[in-house]
Amino acid sequence: MSEELPTAPLEAPVDPLFTHPASPFERTNPPTPVAFASPAQTGVWVGTVAPMASWTAYKTQIQFGFTILAYLMVLVGSVTAVAANPDAGWRYWVALLPVLPTGVIVWLTVRELGRLDEVQKRTQMQAIGFSVAGTGLVTFGYGFLEGAGFPQMSATLVLPMLFGFWALGLLLIALRSRLRR
C-alpha cells in the first residue's frame, strides 16, 4: 500500500455577508474596544450626574414645578391678605396676583407644545379639541338647567373641567391607537 500524503486541514468556507439573515443579534453586537483608553475624569462630579446635565434634561419640569410653587405661595398670600382686609381698596389688585404665575404656566405650556413632533402635536390637538367641545357641551347644557332652577355653576369649575376632558381625550386616543393595532 502506498503511504497517504498528509493533507492540510480543511478551512471553513467564508460566507459572504449577504448570506447572513438580518438578525437583531448580529446588528447589536457591542463595538470593538478603542485602542486608546478614555482620559481620566477629574473634578468634583466624578461618578455622579453633573447638575448641568440634570438641568438640561429636566429644565421644563423644573421650571414648571417652580412656577406651580410660586403660584401656590402667591395664592395663599393673596387669599390671606384679602380675607384680613375685606374693606381695603387694593383687595381687587391683590386678588388678581395669582394670575401672574398662571400666565407663566400658560407660556411654558405653549412653548412645550411648540417643541413637539407632528404626531404628538396632532394627538394634543385632538385631545384639546375634545376638551373644548366636551366642556362647551357640559357648560351649555348646564346653562339650560340653571334656567330650570338648578343652582348657578361657578366659573372656577371650567378650567378643571377642561383639564379633565383633556386627560380623558388623551386616554381615548391612546386606547383607540392600541385597539387599531
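Reader: Threonine 67: buried or exposed?
Author: Residues are numbered from 1 along each chain as its sequence is written, and side-chain values use heavy atoms, with hydrogens and water left out. Buried means under 20% relative accessible area, exposed over 50%, and partly exposed in between, with a 1.4 Å probe and protein chains only. Threonine 67 has a relative accessible area of 10%, so this residue is buried.

Reader: And which helix is the place of threonine 67?
Author: Helices are DSSP runs of H or I with at least four residues, strands are runs of E with at least two, and both are numbered from the N terminus. Threonine 67 falls in the run of residues 51-84, which is helix α2.

Reader: Which residues is threonine 67 in contact with, leaving aside its neighbours within four places in sequence?
Author: Contact here means heavy atoms within 4.5 Å. With its neighbours within four places in sequence set aside, threonine 67 is in contact with Pro101, Val104, Ile105 and Leu108.

Reader: How many helices and strands are there in the protein?
Author: Reading along the sequence gives the pattern α-α-α-α-α-α. The count for the protein is 6 helices and 0 strands.

Reader: Which elements have the lowest and the highest mean pLDDT?
Author: For the protein, the mean pLDDT is 84, and 76% of its residues reach 70 or more. Where pLDDT is low, the predicted coordinates should not be read in detail. Among the elements, the lowest mean pLDDT (53) belongs to helix α1 (residues 24-27), and the highest (95) to α5.

Reader: Which residue has its backbone oxygen 2.8 Å from a polar atom of the side chain of threonine 135?
Author: Threonine 135 sits in helix α5 (residues 118-147). With a relative accessible area of 4%, threonine 135 is buried. The backbone oxygen that lies 2.8 Å from a polar atom of its side chain belongs to serine 131.

Reader: Leaving aside neighbours within four places in sequence, which residues is leucine 162 in contact with?
Author: Leucine 162 is found in helix α6 and counts as partly exposed because its relative accessibility is 25%. From C-alpha to C-alpha, leucine 162 and glycine 136 are 9.1 Å apart in space, though 26 residues apart in sequence. Threonine 135 has leucine 162 among its contacts, along with Val158, Met161 and Phe165. From the side of leucine 162, the contacts are Ser131, Val132 and Thr135.

Reader: What is the volume of the largest pocket?
Author: Rolling a probe the size of a water molecule over the atoms shows where empty space is left. On a 1 Å grid over the protein atoms alone, a cavity is a set of points where a 1.4 Å probe fits but cannot get out, and a pocket is an open set with protein on both sides within 12 Å along at least five of seven lines; lining residues have an atom within 4 Å of a point. Grid points are joined across faces, edges and corners, and a volume is the space filled by probe spheres set on the points. For the largest pocket, that comes to about 830 Å³.

Reader: Which residues that line the largest pocket are the closest to its centre?
Author: Elements giving two or more residues to the lining are α2, α4 (99-114), α5 and α6 (158-180), and the largest share, 8 residues, comes from α4. Of the 22 lining residues, the closest to the centre are Phe64, Ile105, Thr109, Phe163 and Trp166.

Reader: Tryptophan 166 touches which residues, not counting those up to four places away in sequence?
Author: Tryptophan 166 lies in helix α6 and is partly exposed, with a relative accessible area of 33%. Not counting residues up to four places away in sequence, tryptophan 166 touches Gln124, Ala127, Ile128 and Ser131.

Note on methods. Predicted model: local features only at pLDDT ≥ 70, side-chain atom pairs only at ≥ 80, totals over all residues. Polar contact = N/O pair within 3.5 Å; in protein donor to acceptor, adjacent residues only side chain to side chain. pLDDT = per-residue confidence, 0-100.
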